[in-house]
Amino acid sequence: MSFLYGILAETGWSLAILLGGLALCCVCVLVAGSLKP
Amino acid sequence: MNIRPDKEDLKLICSYTGKVLSGVGILLAVPLATALVCGEWSSAVDFFLSLCAILSVGGCMVLAGETKRRATWMHGMVTAGISWLVVMATAALPYWLSGQYIAYLDCMFDVMSGFTTTGLALIQNLDHTSNSLNMWRHLITFVGGQGVIVLALSFLVKDSSGGYKLYVGEGKDERLFPSVFHTARAIWKISLVYLAFGTLAFFLSGLAIGLPFWTAFLHGLWMYMSAWSTGGFAPMSQNLLYYHSGLFEITSFVFFVIGSFNFALHHAIWSGDRREMFRNIESVSFTVSLGTLTLLCCSSLMRAGVYPDIISLFRKGFFQIVSAHTTTGLMTIYPRQFALEWGDVALLGTIIAMLIGGSACSTAGGFKGLRVGILWKAIVQETRRMLKPGTASFTQSFHYLGEKSLGERQVRSAALIVILYLVTFGAATIAGTLCGYSLTEAAFESASVTGNVGLSIGVTSASMPAALKIVYILVMWAGRLEFMAVLATFGFLAALLGKGRKRR
């Protein structure tokens, strides 16, 4: 069963990167929006 | 001066290359079976003829190469270099017989692109390609992710010492087990377990977006193979954009990120070492560089007003950056959008991401996060050394499957590989500009082939100059084998042509 743990952990890590990317996109949109004249 | 190879050396290399070729020949049974199941009789004949031809050539090479000489590092490295070229020339046969290529060079380009997990394609009329040919395209990229030599090692090569030298020659040097055969099989086990889960995930995603059952299964299998091997091939000419599905994009994302992990890291996590993922120098390096490049590219894209909202910035901007960094090459935009919309800063960030690439001993290309991490640690070490009193001594360490101290040999090796990648990138860029492409286009496509990525700015097409196709083939080959086997092959050929001294 250890491989199931491995798959879950790696999928979780990959999804965390995905969510981190979404958060960075939010930051970029907010910062770019606030800088507009 | 090199020792001039003699007949026994050539026999040994011939024998190993024959075994690698036979492994690839056996693989042709998969698209042949697909053709029979799908009733594609013309393709079935193509694959049957190719299978017979490749197995015959491979078998003859094994028989002709019988020798009692033991394999040295030279044999392992040269076999790794040569066997990739021989496999490219022969595995292109079914492509040529399909009639979907303008020239045999284009077939070899696509084979090298597949085996190196680059993902650039010169095939014509892809949208109407048979299922069996698509199976062969994606199988090539799936096997290439693990390595053609890993495939041969798993089943056909029985000499442990020679096997390890071949394994290292293919650009992998991690032993998951003391035995190289067990290591090769562990790599296959990890990939095949993910094959089951990945195909199921893509299949369900396909059903959810309304694909017919059989299409959902085949596209699911192929997209998994492409994503896991960080390949970038897709069954349709519009690549991932064809599906117009966020679900498909997220599924692809999960598997190409996991595919870019080091096989040793997979093995450690599967063995219950939960903390390795957070402490490993490659995971840290990947996270930091991806975060930095995402901020650079996405802020530039936002300022230019290319993607005005969060979702489009995420699905078009961030997706491409991660696809570049993991050296996958799956695209959710058209190639010319890079040239016409992205702007210099975002393109520069993408080029850097493509050159860095994924993890060592993974399916990914590039000069790898491990080497970036090691060079960063070396810079920190040198800075600390300058600031400390002359008599003080200290050791810089890093975490990579255990705590390791940073040695001069590791730094030299990492620096050498990075320099070779950058020189190759520069040479391919010059070749692109000499063929009439702009510097930006040439640099982008050059980074894509050097890092075995597959993102295209529109340079790669069947109409590009034949000389540039040859340059790109050589660059993909060198980048995938991480140069050592390629340099050994050139040295071997130079010695063979008379510049070495005779063996006593």
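Predicted model: local features only at pLDDT ≥ 70, side-chain atom pairs only at ≥ 80, totals over all residues.
In the description that follows, Ala, Val, Leu, Ile, Met, Phe, Trp, Tyr, Cys and Pro count as nonpolar, Asp, Glu, Lys and Arg as charged, and the others, Gly among them, as polar. By that grouping, the lining of the largest pocket comprises 14 nonpolar, four polar and eight charged residues.

The largest pocket has a volume of about 850 Å³, and its lining is made up of 26 residues, of which B:Asp173, B:Arg371, B:Arg409, B:Gln410 and B:Ser413 lie nearest the centre. Two or more residues of this lining are given by each of four elements of chain B, namely helix H9 (160-169), helix H18 (369-387), helix H19 (408-434) and helix H22 (484-499). The greatest contribution to the lining of the largest pocket comes from H19(B), which gives seven residues.

The second largest pocket has a volume of about 550 Å³. It is lined by 27 residues, and those closest to its centre are B:Ala121, B:Leu126, B:Ser237, B:Pro335 and B:Thr460. The lining of the second largest pocket divides by class into 13 nonpolar residues, 13 polar residues and one charged residue.

Rolling a probe the size of a water molecule over the atoms shows where empty space is left. Two cavities of 30 Å³ or more are counted in this way. The largest cavity holds about 80 Å³ of space, and of the 13 residues that line it, B:Ser362, B:Ala364, B:Lys368, B:Arg480 and B:Glu482 are the closest to its centre. Its lining consists of three nonpolar, five polar and five charged residues. The second largest cavity contains about 40 Å³ of space, and its lining is formed by B:Ser260, B:Phe261, B:Glu282, B:Ser283, B:Phe286 and B:Ser359. By class, the residues around the second largest cavity are two nonpolar, three polar and one charged.

Turning to helix packing, two packed helices are described by the angle between their axes and the distance between the axes. H19(B), which gives the most residues to the lining of the largest pocket, also packs against helix H20 (residues 439-450) of chain B, at an angle of about 135° and with the two axes 8 Å apart. H19(B) and H20(B) are therefore oblique to each other, and H19(B) passes H20(B) in a right-handed crossing. On the side of H19(B), the contact involves B:Tyr421, B:Thr424, B:Phe425, B:Ala428, B:Thr429, B:Gly432 and B:Thr433, which meet B:Leu439, B:Ala442, B:Ala443, B:Ser446, B:Ala447 and B:Thr450 in H20(B). Seven nonpolar and six polar residues make up the contact of H19(B) with H20(B), and no charged residues take part.

A second pair is formed by helix H7 (residues 131-146) and helix H10 (residues 180-208) of chain B, whose axes come within 10 Å and cross at roughly 140°. That angle makes H7(B) oblique to H10(B), and H7(B) passes H10(B) in a right-handed crossing. The contact is built from B:Phe142, B:Val143 and B:Gln146 of H7(B), together with B:Ile187, B:Trp188, B:Ser191, B:Leu192 and B:Leu195 of H10(B). By class, the contact of H7(B) with H10(B) has six nonpolar and two polar residues, with no charged residues.

H12(B) passes H16(B) in a left-handed crossing. The residues in contact are B:Gly246, B:Glu249, B:Phe253, B:Phe256 and B:Val257 of H12(B) and B:Arg315, B:Phe318, B:Phe319, B:Val322 and B:Ser323 of H16(B). The contact of H12(B) with H16(B) divides into six nonpolar, two polar and two charged residues.

Definitions and conventions:
Residues numbered from 1 in each chain as written. Chains lettered and ligands numbered in written order. Heavy atoms only, no water. Axes fitted to C-alpha atoms, helices over the stretch in contact; angles between N-to-C directions. Parallel < 35°, antiparallel > 145°, perpendicular 65-115°, else oblique. Left-handed = near helix turned anticlockwise from the far one by under 90°. Contact = heavy atoms within 4.5 Å. 1 Å grid on protein atoms, 1.4 Å probe; cavity = no way out; pocket = protein on both sides within 12 Å on 5 of 7 lines; lining within 4 Å. Points joined across faces, edges and corners; volume = space filled by probe spheres on them.
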